Amino acid sequence: MGLASAAAFVVSTIQFPIAGLPAHLGLYGLIGILLGKRAFPVLYVCLLFQSLLLQNGGLLSLGVNSLNMGLGAFAGWWLWRLVPARAAIRALLAGFVGALLPALLLAWEFELADYGRGFYVVASLYAVIAAVEAAVTTLAVSFLGRTKPDILLPAPS
C-alpha cells in the first residue's frame, strides 16, 4: 500500500500541459486493480502529502478529492473484477475509467455548487490523460502478469 501511494505521489508531480491546463497521471485504475477497496486510504495519504509538501489540492478539499480519486480506483477495481474479457482489455478499461471518473465527478460537484457547467469542458480534456493512463495501466498489468501474477487481484473466471 505504501509503494502504491509513493508511486501515485511521484507520478502526480510530473505535470504536462493539455490545452493550456496542467495535467498529471494518478494511476487510479492501476491502484484499484492492485488494492481494490484498500485504494481509498492509499490515495488519501498520497493527496495529504501532495497538499502538505507541494501545495496541490489543499487541506480543505482533501476529503472530496480523496473520495473522487478513490471512486476512480474503485471503478477500476470493479471493471477489473467483473468485465469478462482478456486482462489487457480489462486493464485498459480500468485505467481509462479510473482516470476519467474523478474529473467527471469534480465537474458535477462544481455544477452542484452552482459554479456552472464549464468544468465539463475541462473534464472532457481529461480524456487525453485517461487514454495515457489506460496505456500505462495496460503495460503495468502486462508486466506484472508476466513477472508476479499473484500481485494482481483475482479476475473473473
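Leu 54 touches Phe 9, Thr 13 and Phe 49, when residues up to four places away in sequence are not counted. In this predicted model, Leu 54 belongs to helix H3, and its relative accessibility of 35% places it among the partly exposed residues.

**Leu 54 and helix H1**

- Leu 54 and Thr 13 are 41 residues apart in sequence, and their C-alpha atoms are 8.5 Å apart in space.
- Phe 9, one of the residues that Leu 54 touches, is also one of the buried residues of helix H1, which covers residues 2-12.
- The buried residues of helix H1 are Ala 4, Ser 5, Ala 8, Phe 9, Val 11 and Ser 12, and the buried residues of H1 pack against H2 and against helix H3, which runs over residues 39-54.

**Helix H2 against helix H3**

- The axes of H2 and H3 cross at roughly 140° and come within 9 Å of each other, an arrangement that makes H2 oblique to H3.
- On the H2 side this contact is made by Tyr 28, Ile 31 and Leu 35, while on the H3 side it is made by Ala 39, Val 42 and Leu 43.
- Sorted by class, the contact of H2 with H3 has 6 nonpolar residues, with no polar and no charged residues.

**Helix H2 against helix H4**

- Two packed helices are described by the angle between their axes and by the distance between the axes.
- For helix H2 (residues 28-35) and helix H4 (residues 62-82), the packing angle is about 60° and the axes are 7 Å apart.
- H2 and H4 are therefore oblique to each other, and their crossing is right-handed.
- Helix H2 contributes Tyr 28, Gly 29, Gly 32 and Ile 33 to the contact, and helix H4 contributes Met 69, Gly 72, Ala 73, Gly 76, Trp 77 and Trp 80.
- The residues of the contact of H2 with H4 divide into 6 nonpolar and 4 polar, with no charged residues.
- Tyr 28 takes part in the contact of H2 with H4 and is also named in the contact of H2 with H3.

- The side chain of Ser 66 reaches the backbone oxygen of Leu 62 at 2.7 Å.
- An α-helix has 3.6 residues a turn, so residues three or four places apart point the same way.
- When neighbours within four places in sequence are left aside, Ser 66 is in contact with Phe 40, Tyr 44 and Leu 47.
- Ser 66 and Leu 101 are 35 residues apart along the chain, and their C-alpha atoms are separated by 13 Å.

- Which backbone oxygen does the side chain of Thr 138 reach? The side chain of Thr 138 reaches the backbone oxygen of Ala 134, at 2.7 Å.
- Not counting residues up to four places away in sequence, Thr 138 touches Ala 88, Ala 91 and Leu 92.

Terms used: Residues numbered from 1 in each chain as written. Predicted model: local features only at pLDDT ≥ 70, side-chain atom pairs only at ≥ 80, totals over all residues. Heavy atoms only, no water. Axes fitted to C-alpha atoms, helices over the stretch in contact; angles between N-to-C directions. Helix = DSSP H or I, 4+ residues; strand = E, 2+ residues; numbered from the N terminus. Parallel < 35°, antiparallel > 145°, perpendicular 65-115°, else oblique. Left-handed = near helix turned anticlockwise from the far one by under 90°. Contact = heavy atoms within 4.5 Å. Nonpolar A, V, L, I, M, F, W, Y, C, P; charged D, E, K, R; others polar. Buried < 20%, exposed > 50% of the residue type's maximum accessible area, 1.4 Å probe, protein only. Polar contact = N/O pair within 3.5 Å; in protein donor to acceptor, adjacent residues only side chain to side chain.
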